[in-house]
Amino acid sequence: MIENNYFLENEDLIGHFETFIDWKETVESFEQNFRDKKEFDQSGKPELAMAPSSVEEAVEYYRSILESTGEIAGKEVATRAKEMDQEGLKYSEGKVEFPKAMVAAVDKIKEAGILPYSITRKHGGLGVPAAIQAMMMELIARADGSISIALGCINLGETIERFGSKEMIEEYVPKMATGELCGAMALTEPNYGSDLPNLQTKAIKQADGTWRITGTKRFITHGCGFANAPSVILTLARTGAPTSGARGLSFFLVKSQDVFIAGIEKKMGLHCSPTCEVVYENAPAVLIGEEGFGLVKYSMGMMNGARLSIAAQAMGIASAAYFEAKKYAEEREQFGKKIMNIPAVQKILDWMDREIVAMRCILQEASRSIDLYHWKAERMKEDGVDEREIKKDETVRKWEKVANLLTPLSKYYITETANKMAYDSLQIHGGAGYTYDYDVSRIFRDVRITNIYEGTTQLQVVAAIGGVVSGLTPKGHLRNYLDEEMDRFAVSEELKELRKILESSHERFTNIENSSDRDQVAFELVESAARVLMGLLIERGASKQIGDAKEKRFGISRAYNSDSLAILEANLIRIRNKAGLKTPVLT
């Protein structure tokens, strides 16, 4: 792996931090009138000591975190990744042993103070917005996918902060912030993968008011904990009748000491990320929130965050694929010249370069949408505002709708493109890439799961299609968003044309009467919407730059939109065909 500060060497990531992100907008939404700083001034609580008092202080604080993360990722995690992958995990009699190199890498992250990135300051976390969390996950995942997942599990303390009781939060979250406890999401069962409304693990309320759970969960990442840190397993279980569907499910906290780890999966990639089978035999459990809302409220809330986290993980692995391919192409000689000067290779590298730009744009815009509603909603909840009133707030309503669309779009697009990027990176490496001598073989194996777990690409399309269809109606949220963002700068004729094609595709799609026929071209409409959005975001970023950087980004924008024109035209033809309309013959 390339050894360097992964933040400071990344020109596009620096561009987002320094130029593209409106920090005034984000910081004011996240810090909510700098409440943590004001509380620190009154109480002197040490956990709030780093709370900023201005936008400028916040940005400097965020930069210091990213520089530290980039340093640790590129010089401590990346250097251990190959050793970790080759050693892998060991399982024996319910216990999982982690490679020493992995434990050492996570210890370095702890020592740097960057472990609890999604936990709030008042419980020992860094207290940073989603935009910074996504960048941190990307930086770590570029170095190693397994460690990025481990950190994500530890940061599940954020879910307990959102939905747990005061006593539960105080007991568990500070320990997760220090790494004394890990976290795990236990949703999937052996016969029920994405079909969560029909899962059968049972939770029975005892005479004394406590709960006990019996059943089996499969594919549970870090259900065993991490190293010496046991897990708190956030478990979805049935409290209603076997046929009660989603409304019969509730959400529980279970300690990993109270379950049995029956085994770990032997996987093609992510060799240091334990995927466990967890057996509950009358295991004690604590109810989180209200009974009956386990799936529709708590698990879905947790999964939305996890999906954006996986998009950021795939973003990091894609970056690794690109930088490793670029480095190899710059060094490898064939036919008397560096292979990067061979047109066929340069074409691949150019495609990877612009796709990296597009992927990061939609990841950061999804993060922005979360930052502009989530924190306001959480602060209102802390102030005792009724949940129904929070949902009526105009800012919360607007940006929550945008976030609910951009989250599945990001997860689908980034993970699919990351897989293609790893494929092309290995192709540039040639036969050498097929060996374990080069890191690209691990990158190729690790990235494959990203468009499968936390909801396959097909499920992300199902999650996104409603938002695209309703969002492009005359008063829809996607239409309003596109109008507002396209009014910020002088958009290109290519982007205007792309939007026209999207509008046509939307019109044709809504005219398809048969629901099965609509389902068969839902991907085409979602893909078209995603590419229009990313074309817009790339141009918006270019409009904020100056000089050579501006011209370079507009060049990327033109190339990306050119690709999109071909893709959207093809998608429109497929949608027209399903609508029973004749496609004009090109002459």
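This is a predicted model: local features need pLDDT of at least 70, side-chain atom pairs count only at pLDDT 80 or more; totals for chains, interfaces and linings use all residues.
The buried residues of α17 are H477, L478, R479, Y481, L482, E485 and M486. An α-helix has 3.6 residues a turn, so residues three or four places apart point the same way.

## Nonpolar cores

The largest nonpolar core has 162 residues, and the residues with the most contacts inside this core are W23, Y62, I147 and L409. Helix α10 (residues 294-331) contributes the largest share of the core, 15 residues. A second, separate core has 27 residues, among them L156, I160, M176 and L234.

Beyond its neighbours within four places in sequence, W23 is in contact with F17, E28, V55, V59, Y62, A131 and I132. One of these partners, Y62, is also listed among the residues with the most contacts inside the largest core.

## Cavities

The structure holds 6 cavities of 30 Å³ or more. The largest cavity has a volume of about 230 Å³. Its lining consists of 18 residues, of which F20, I21, E365, R368 and R540 are the closest to the centre.

Helices α1 (11-20), α2 (23-31), α11 and α20 each supply at least two residues of this lining. The largest share, 5 residues, comes from α11. By class, the lining of the largest cavity has 9 charged, 5 nonpolar and 4 polar residues.

## The second largest pocket

Helix α12 gives the most to the lining of the second largest pocket, with 6 residues. By class, this lining comprises 13 charged, 6 polar and 6 nonpolar residues.

F219 has a positive phi of about 65° although it is not a glycine. This residue lies in strand β5 (residues 211-221). F219 counts as partly exposed, because its relative accessibility is 44%.

F335 is likewise a residue other than glycine with a positive phi, near 55°. F335 is found in the loop between β10 (333-334) and β11 (337-338). With a relative accessible area of 75%, F335 is exposed.

## Domains listed by UniProt

An unreviewed UniProt entry lists residues 63-180 as "domain: Acyl-CoA dehydrogenase/oxidase N-terminal". In the model, this span is 68% helix and 5% strand, and its end C-alpha atoms lie 27 Å apart.

The unreviewed UniProt entry also lists residues 184-282 as "domain: Acyl-CoA oxidase/dehydrogenase middle". Over residues 184-282 the chain is 0% helix and 46% strand, with the end C-alpha atoms 19 Å apart.

Terms used:
Residues are numbered from 1 along each chain as its sequence is written. Side-chain values use heavy atoms; hydrogens and water are left out. UniProt positions are given in the numbering used here, feature names are shortened, and annotations may be inferred rather than shown by experiment. Helices (H or I, at least four residues) and strands (E, at least two) are DSSP runs, numbered from the N terminus. Buried means under 20% relative accessible area, exposed over 50%, partly exposed in between (1.4 Å probe, protein chains only). Ala, Val, Leu, Ile, Met, Phe, Trp, Tyr, Cys and Pro count as nonpolar, Asp, Glu, Lys and Arg as charged, and the others, Gly among them, as polar. A nonpolar core is a set of buried Ala, Val, Leu, Ile, Met, Phe, Trp, Tyr and Cys residues joined through side-chain atoms within 4.5 Å. Contact means heavy atoms within 4.5 Å. On a 1 Å grid over the protein atoms alone, a cavity is a set of points where a 1.4 Å probe fits but cannot get out, and a pocket is an open set with protein on both sides within 12 Å along at least five of seven lines; lining residues have an atom within 4 Å of a point. Grid points are joined across faces, edges and corners, and a volume is the space filled by probe spheres set on the points.
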